[in-house]
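Biologist: I'm new to this one and would like to learn how to read it. Could you take me through it feature by feature?

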Amino acid sequence: MSNNTLKQKQDPQCPMVAAYLLGQRHNASDLARKLGVSPNVLGNRLNPDQDFHKLGLGEAVAITELTNDNAILEAWAHQRGGVFVKLPESVSCDEELSDQLMRVNEEFGAALGEIRKAREDGIIDSEECDRVTSKLMSTVTEALALNALVKGQVRDLPRHPTAVIGK
């Protein structure tokens, strides 16, 4: 991948930086071949410091599909003030629900720990605030995943014409 170093520290929550990091995690040459472009062209398009070559939406979608890596979607959702939550593929069982409850609590605990650390000196600076926000967004993501699991457990009660509800 050409131009594979960043000029300055970049925010990993930026979709373009997320695309760059995705290219670093996966075989960019193989991705380029599958997309029908040269590795140098893809390297330039993935580099957020590159002024002339930009990654298009279609390529971002294709790269997401080829790698099964949601980093670009997650960063874009974060940049837009939201979160990306992958919905469960099938009906969940009680064990999956319990595991998800634990993940929500784990993330919330981590967020509270980050807040406590940030307040130790009596001042929360912008970097500390960013870390707290990141932890809280992870908590929201896990809470939304829990909501999706709960919805996956909804069942219709059988209706019996002879059933009488009341006193």
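Biologist: Let me start with a single side chain: is Arg103 buried or partly exposed, and at what relative accessibility?

Modeller: First, keep in mind that this is a predicted model. To place a residue, we look at its relative accessible area: under 20% is buried, over 50% is exposed, and partly exposed sits in between. Arg103 comes out at 36%, so it counts as partly exposed.

Biologist: And which residue does Arg103 form a salt bridge with?

Modeller: For a salt bridge, you look for a side-chain nitrogen of Lys or Arg within 4 Å of a carboxyl oxygen of Asp or Glu. Arg103 has such a bridge with Glu142, and their closest N and O atoms are 3.8 Å apart. The two sit in distant parts of the chain, with Arg103 in helix α6 (residues 94–119) and Glu142 in helix α7 (residues 126–152), 39 residues apart.

Biologist: Let me step back, then. How many helices and strands are there in the protein chain?

Modeller: Seven helices and zero strands. Going along the sequence, you read the pattern as α-α-α-α-α-α-α.

Biologist: What share of the residues counts as buried?

Modeller: The chain has 167 residues, and 29% of them count as buried.

Biologist: How do I read which helices pack together? Say, what do the buried residues of α1 pack against?

Modeller: Start from the idea of a helix: an α-helix has 3.6 residues a turn, so residues three or four places apart point the same way. Now the case here. Helix α1 covers residues 15–25, and its buried residues are Pro15, Val17, Ala18, Ala19, Tyr20, Leu22 and Gly23. These buried residues pack against α2 (28–35), α3 (39–46), α4 and α5 (71–79).

Biologist: Can you show me that from the other side? Which residues does Thr67 touch, leaving out those up to four places away in sequence?

Modeller: Thr67 touches Leu22, His26 and Leu31. Leu22 is one of the buried residues of α1, while Thr67 belongs to helix α4 (residues 57–67). Thr67 has 14% relative accessibility, so it counts as buried.

Biologist: Which residue meets Glu120 in a salt bridge?

Modeller: That would be Arg116, at 3.0 Å from N to O. Glu120 and Arg116 are both exposed. Some bridges share partners, and that is how Asp30, Arg33 and Lys34 come to be joined into one network.

Biologist: How do I read charge on the surface? Which residues gather in a patch of negative charge?

Modeller: Asp11, Asp121, Asp125, Glu127 and Asp130 make up that patch. Take Asp121 as an example: this residue is in the loop between α6 and α7, and at 54% relative accessibility Asp121 counts as exposed.

Biologist: And which residues make a nonpolar surface patch?

Modeller: Leu57, Val61 and Trp76 do, and the patch is about 320 Å². Val61 is in helix α4 and is partly exposed, with a relative accessible area of 45%.

Biologist: Last one: how far apart are the C-alpha atoms of Gly109 and Lys135?

Modeller: They are separated by 9.2 Å, although the two residues are 26 apart along the chain. Gly109 is part of helix α6, and at 38% relative accessibility Gly109 counts as partly exposed. For the chain overall, take contacts between residues at least 6 apart in sequence: 66% of those join residues at least 24 apart.

Note on methods
Residues are numbered from 1 along each chain as its sequence is written. This is a predicted model: local features need pLDDT of at least 70, side-chain atom pairs count only at pLDDT 80 or more; totals for chains, interfaces and linings use all residues. Side-chain values use heavy atoms; hydrogens and water are left out. Helices (H or I, at least four residues) and strands (E, at least two) are DSSP runs, numbered from the N terminus. Buried means under 20% relative accessible area, exposed over 50%, partly exposed in between (1.4 Å probe, protein chains only). Contact means heavy atoms within 4.5 Å. Patches are made of residues with over 30% relative accessible area and no salt bridge: like charges are joined within 9 Å, nonpolar side chains (Val, Leu, Ile, Met, Phe, Trp, Tyr) within 5 Å. Accessible areas come from the Shrake-Rupley method with a 1.4 Å probe; for residues, only the protein chains shown count as cover. Lys and Arg count as positive and Asp and Glu as negative; His and the chain ends are not counted. The place of a charge is taken as NZ of Lys, CZ of Arg, CG of Asp or CD of Glu.
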